[in-house]
Amino acid sequence: MKNKKITRKITQGVYVLTTNNGGCVVDAVSQISAGDNPLISVAVMKRNYTNELLKNNKLFALSVIGKDANPEIITTFGMNSMRDINKFESISTFEVEGLNIIEDSLGYMVCEIIDSIDNDTHTLFIGRLVEADVIKDEEAMSYQYYQEHKDELVKVTTNNGETAWVCTICGYVYYGEELPDDFKCPKCGVDKSLFEKSRGNYE
Ligand code: FE
């Protein structure tokens, strides 16, 4: 492959997907049909706890994250697992159709799951839009913007002089000068080529 980085030019956004008892950050969301209740597809990493939850739930909600949203939302929902923390403790939400919606978002879409397709790393969930609203008419955060501003948005705290490596897929942080050759992300399983060196935010 000559340069896979061109895939980063695919226009994607930043969303918090929530379902009963869980949620995570997703970027691959598309409207894939028209009409009053269009179909929305979303890809969720198989290793995510949220993926397990979605297989047993009927509904999911997508909160659209704005460019100026509090980065805590991304850190909390993107870089942690409900297996370890309660993500809803620190982030303000309100309820629609029994699902948590991020208060500091541009709006939400609630979808009823009608199909799912497993691939090697992700499950593509297809849902029919059943409820939606606009909260703020502001610019949405694009995945590209997130990638370009990750250092400011996601604070990686290191000790003075320490190097941190951040998984570009799930946000897992490895502390150390170099990643071992056979290193695989303990959280999402990708190899070291998908890690980026971070200068960290020294304390
Ligand atoms: Fe990872």
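Select Asp 104 and Lys 136: the two form a salt bridge, with their closest N and O atoms 3.1 Å apart. A salt bridge is here a side-chain nitrogen of Lys or Arg within 4 Å of a carboxyl oxygen of Asp or Glu. Asp 104 lies in the loop between β7 (99-102) and β8, and Lys 136 in the loop between β9 and α3, so the pair ties together parts that are 32 residues apart in sequence. Asp 104 is partly exposed, with a relative accessible area of 27%, and Lys 136 is partly exposed at 29%. On this scale, buried means under 20% relative accessible area, exposed over 50%, and partly exposed in between (1.4 Å probe, protein chains only).

Before continuing, note that this is a predicted model, in which local features need pLDDT of at least 70 and side-chain atom pairs count only at pLDDT 80 or more, while totals for chains, interfaces and linings use all residues. Residues are numbered from 1 along each chain as its sequence is written, and side-chain values use heavy atoms, with hydrogens and water left out.

**Further salt bridges**

The structure holds six salt bridges. Next, select Lys 67 and Glu 139, whose side chains meet in a salt bridge (3.5 Å, N to O). Lys 67 is in the loop between β5 (59-64) and α2 (72-78), and Glu 139 is in the loop between β9 (122-134) and α3 (143-148), so this pair ties together parts 72 residues apart in sequence. Lys 67 is partly exposed at 27% relative accessibility, whereas Glu 139 counts as exposed at 54%.

Then select Lys 55 and Asp 118, which meet in a salt bridge (3.3 Å, N to O). This pair links distant parts of the chain, 63 residues apart: Lys 55 is in helix α1 (residues 49-55) and Asp 118 in strand β8 (residues 107-118). Helices (H or I, at least four residues) and strands (E, at least two) are DSSP runs, numbered from the N terminus.

**A cavity**

Which residues line the second largest cavity? Select Gly 66, Lys 67, Asp 68, Ala 69, Asp 104, Ser 105, Leu 106, Lys 136 and Glu 138 to display its lining. About 30 Å³ of space lies in this cavity. A cavity is a set of points, on a 1 Å grid over the protein atoms alone, where a 1.4 Å probe fits but cannot get out; lining residues have an atom within 4 Å of a point. Grid points are joined across faces, edges and corners, and a volume is the space filled by probe spheres set on the points.

**The sheet**

Now display the strands. An open sheet of seven strands has the order β2-β1-β5-β8-β9-β4-β3, with antiparallel pairing. Two strands pair if DSSP finds at least two bridges between them. The edge strands are β2 (22-26) and β3 (29-31), each of which pairs on one side only. Within the sheet, β8 and β9 pair in the antiparallel sense over eleven bridges; select Glu 112 to find its bridge partner in β9, Arg 128.

Finish at β2. Is this strand largely enclosed or open? Four of its five residues are buried, so β2 is largely enclosed by the rest of the structure. Five bridges join β2 to the antiparallel strand β1 (residues 15-19), and Leu 17 has Cys 24 in β2 as its bridge partner. In the hairpin of β1 and β2, which has two residues between the strands, select Asn 21, which takes a positive phi near 70°.

Methods. 1 Å grid on protein atoms, 1.4 Å probe; cavity = no way out; pocket = protein on both sides within 12 Å on 5 of 7 lines; lining within 4 Å.
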